[in-house]
Amino acid sequence: MSFVCLRWLSIQASNPMFFFTVGDLMLCSGLLFVNQGKQSISLEPGGQFELSGAPLETLHQTCAEVNSHLYQVKAVAEEMGIGFLGIGFQPKWGIKDIPIMPKGRYDIMRNYMPKVGSLGLDMMFRTCTVQVNLDFSSEADMIRKFRAGLALQPIATALFANSPFTEGKPNGFVSMRSQIWTDTDKERTGMLPFVFDDSFGFEQYVDYALDVPMYFVYRKKKYVDCTGMTFRDFLAGKLPCLPGELPTLNDWENHLTTIFPEVRLKRYLEMRGADGGPWRRLCALPALWVGLLYDDVSLQNILDMTADWTPEERQMLRNKLGANLCPHALLVDSRDIIWDLEKEISVSVTLVPITGLKTPFRDGLLKHVAEEVLQLARDGLERRGFKETGFLNEVAEVVRTGITPAEKLLELYHGKWGQSVDHVFEELLY
């Protein structure tokens, strides 16, 4: 079974200059979370509207669910002049312009984030993603899928890169959303190199999660601030915020939702590397991961292909430290990033969020790896026998040209949009 988790920004469709959050749709009746069967709808910290889909067997069912949901939401929202934007990062507004959803959990996170990273508030209030959640049949199956998913997460980031604007201007990245995760909170994010250790399994992930600092404990309908303390301390009854109290299983499940690596383990595996995108691209991401991870032949081929990738190479695709690059890249053409090298500033940069499929890797480019990965995904879908390969068409075009969705937006920005980002509200409107 697989299911998807979608987020999108909301705007007043008649006037995209004005930020009007879909939160108002739910907040007017005091709602922040709604269940509908095995689906749920929630409001994220900055009013991002999130659908968590039901577990489904085929991509046709998943895509139908997404389409049905979007049609329902549009029908309600259009009467209020509200639209939805499929993009990875808020392209125009600053954090100060974005309303904060009234939830105690978010208040605790908002106060804690600046203590552990410079971009955590951007993550909370200005990012949007599409995640694919996949089940596993055993611990051994989980390990294989976890390793393949982690190794290929930068590929997904590049293929779905769709966040090149910040506060009305190009930001020097094809995926600003991905870049933000590199300086949100290093203790709960990243590529988890221990997943590739021979000893890895459920127990090792639990050990990792026990030592990730907590955010909160939910008691008597209130969120208790437990930031900086560990769940290991909680198990020993040593939380200063709740002295002597021991955790419940629900506390543990809540804690697992506050860990944000590129692939996250809960009762299923979450693939977390892709930007939010427009309607036509939503079904391509689950198609990619289902084709790769739900077919034993393709999964083994991925594991064989990535087996000799070193920890340094995997991390290099995600981060490169000490590069002499100016962090404010000047994008003079959608396909060429020209860096101001006069200022030799040693900074932490992320290769894939900057250069997408043009990221150098071994003797070629990431594009060449993506070509092989796409073929394995297509082969995997073919062997499933559900006639699902058509869902890969959108991503196949990205692989063929080597041009990410973000680069196409930048080409429009420097061309017919006349360097006005306002047109993105029409281009990517659901």
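**Ground rules.** I number residues from 1 along each chain as its sequence is written. In this predicted model local features need pLDDT of at least 70 and side-chain atom pairs count only at pLDDT 80 or more, while totals for chains, interfaces and linings use all residues; side-chain values use heavy atoms, with hydrogens and water left out.

**Overview.** I looked up the secondary structure and found 17 helices and 20 strands. These are DSSP runs numbered from the N terminus: helices are H or I with at least four residues, strands are E with at least two. Of the 430 residues, 58% are buried. Buried is under 20% relative accessible area, exposed is over 50%, and partly exposed is in between (1.4 Å probe, protein chains only). I then checked contacts (heavy atoms within 4.5 Å). Among those between residues at least 6 apart in sequence, 72% join residues at least 24 apart.

**Aromatic pairs.** I listed ring pairs of Phe, Tyr and Trp (its six-membered ring), with centres within 6.5 Å; planes under 30 degrees apart are stacked, over 60 edge-to-face, the rest tilted. The count is 18. I opened Tyr-112 and Tyr-215: the centres are 5.7 Å apart and the planes stand at 75°, so I logged the pair as edge-to-face. Tyr-112 is in helix H3, and Tyr-215 is in the loop between helix H7 and strand S10, 103 residues apart. Both are buried. Next came Phe-146 and Tyr-205, a tilted pair with 6.0 Å between centres and 50° between planes. Phe-146 lies in helix H5 and Tyr-205 in H7, so the pair ties together parts 59 residues apart. Phe-146 and Tyr-205 also belong to one aromatic cluster with Phe-194, Phe-200 and Tyr-208.

**Charges over rings.** My criterion was NZ of Lys or CZ of Arg within 6 Å of the ring centre and within 35 degrees of the ring normal. Arg-188 has its charged end over Tyr-215, 4.0 Å from the ring centre. Arg-314 does likewise over Phe-196, at 3.5 Å.

**Disulfides.** I searched for cysteine sulfur pairs within 2.5 Å. The whole structure holds two disulfides.

- Cys-63 and Cys-283 are joined, S to S 2.0 Å. Cys-63 sits in helix H2 and Cys-283 in the loop between strand S14 and helix H10, 220 residues apart. The link is right-handed, with 90° about the S-S bond.
- Cys-226 and Cys-241 have sulfur atoms 2.1 Å apart. This link is right-handed, at 100°. Cys-226 is buried at 0% relative accessibility.

Counting bonded cysteines along the chain, I noted the pattern 1-4, 2-3.
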